[in-house]
Amino acid sequence: MDYAHLSKAKEICFQDMEDSIISAGLEWGKDYLPVLNSVPNNIDKINRITQSFYAVTENLPEKISNKFGKTLDVDIILYLGLCNGAGWVTTIGEKTTVLLGIEKIIELDWCDIYSMNGLILHELGHVYQDKYGVLNREIDALQNQFLWQLFTEGIAMVFEQEMVDNPEYYHQDKDGWKNWCTQNLGLINQSFCDDLATMTSSNQRYFGDWVRFHGYSDVGYYLGAYFVRFLLRNDCFDNLISYSIDDVRKQFKMFSEMNH
């Protein structure tokens, strides 16, 4: 892997921002500018982020190879973006790239090594599925797109858990998040199923720090991980990452019926 600071990704960042404004109804003055304006006042956090970044990425290729027996050819880049996400996977110059947005990491207060480790491993889970399975599929029906998102986020969550040798690990677990999700798994599952038919980018409640489900963000990541753990009862991880949307839909129906 190569680790570098981003020098040119202007078009990618601006396009992503424009897409988010259109699809999620975000506003520049309300949702973007306050986050960006806070960066110059948080030099101490930037230093912590940088230190955590180098600590987490040290010997990371060897750790992945030891755990999964495979390597990942990917650039991991720490950069100042346009609220594109604390972490996201894209392609720059035909190279798979993980972008880590300093401004969002500061906003979420994920500056410590523990948080940085979870963030990076999660994005590498997506990279792993992209390289050795299928991450991006052409899916027409909107409800299937959200079901696919649930599945791929679950894959990335389980990748994290396997890397830290802890099936109960969730990097989102702050202020009782995991306990609440565990106690309310049936509610999350039923609500997700009920919402699927009418779910859109502007009304979904399950993915992203900017949305809330009963006061909690990112509950879709918990449901996704629980779903993938259900799948692992009868199949191995390297088979799951090649599932079709039909496979996912069929298995999720059985999973949901068991967790009403």
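**Questions on a predicted chain**

Biologist: Leaving aside its neighbours within four places in sequence, which residues is Asn 144 in contact with?
Modeller: This is a predicted model in which local features need pLDDT of at least 70 and side-chain atom pairs count only at pLDDT 80 or more, while totals for chains, interfaces and linings use all residues. Residues are numbered from 1 along each chain as its sequence is written, and side-chain values use heavy atoms, with hydrogens and water left out. With contact taken as heavy atoms within 4.5 Å, and sequence neighbours within four places set aside, the partners of Asn 144 are Ile 139, Ile 245 and Arg 249.

Biologist: Is Asn 144 buried or exposed?
Modeller: Asn 144 belongs to helix α7, residues 142-163, where helices (H or I, at least four residues) and strands (E, at least two) are DSSP runs numbered from the N terminus. Buried means under 20% relative accessible area, exposed over 50% and partly exposed in between, with a 1.4 Å probe and protein chains only. The relative accessibility of Asn 144 is 13%, so this residue counts as buried.

Biologist: At what distance does a polar contact join the side chains of Asn 144 and Arg 249?
Modeller: A polar contact is a pair of N or O atoms within 3.5 Å; within protein, one must be able to donate a hydrogen and the other to accept it, and residues adjacent in sequence count only if both atoms are side-chain atoms. The side chains of Asn 144 and Arg 249 are joined in this way at 3.5 Å.

Biologist: With which side chain does that of Asp 195 make a polar contact?
Modeller: Asp 195 is part of helix α9. Beyond its neighbours within four places in sequence, Asp 195 is in contact with Arg 205 and Tyr 206. The polar contact, at 2.6 Å, is made with the side chain of Tyr 206.

Biologist: What is the relative accessible area of Asp 218?
Modeller: Asp 218 sits in the loop between α9 and α10, and its phi is near 60 degrees, a positive value in a residue other than glycine. His 214 lies in the loop between α9 (185-196) and α10 (219-231), with a phi near 50 degrees that is likewise positive in a residue other than glycine. Asp 218 is buried, because its relative accessible area is 9%.

Biologist: What is the radius of gyration of the chain?
Modeller: The chain has twelve helices and four strands. Since the globule rule, 2.2 Å times the number of residues to the power 0.38, is compared with a radius taken over C-alpha atoms, the chain is as compact as a globular protein of 260 residues, because the rule gives 18 Å and the radius of the chain is close to that, at 18 Å.

Biologist: What percentage of the residues of the chain count as buried?
Modeller: Among contacts with a separation of 6 or more, 68% come from residues 24 or more positions apart. The C-alpha atoms fill a box of roughly 50 × 45 × 35 Å, taken along the principal axes. Of the 260 residues, the buried share is 48%.
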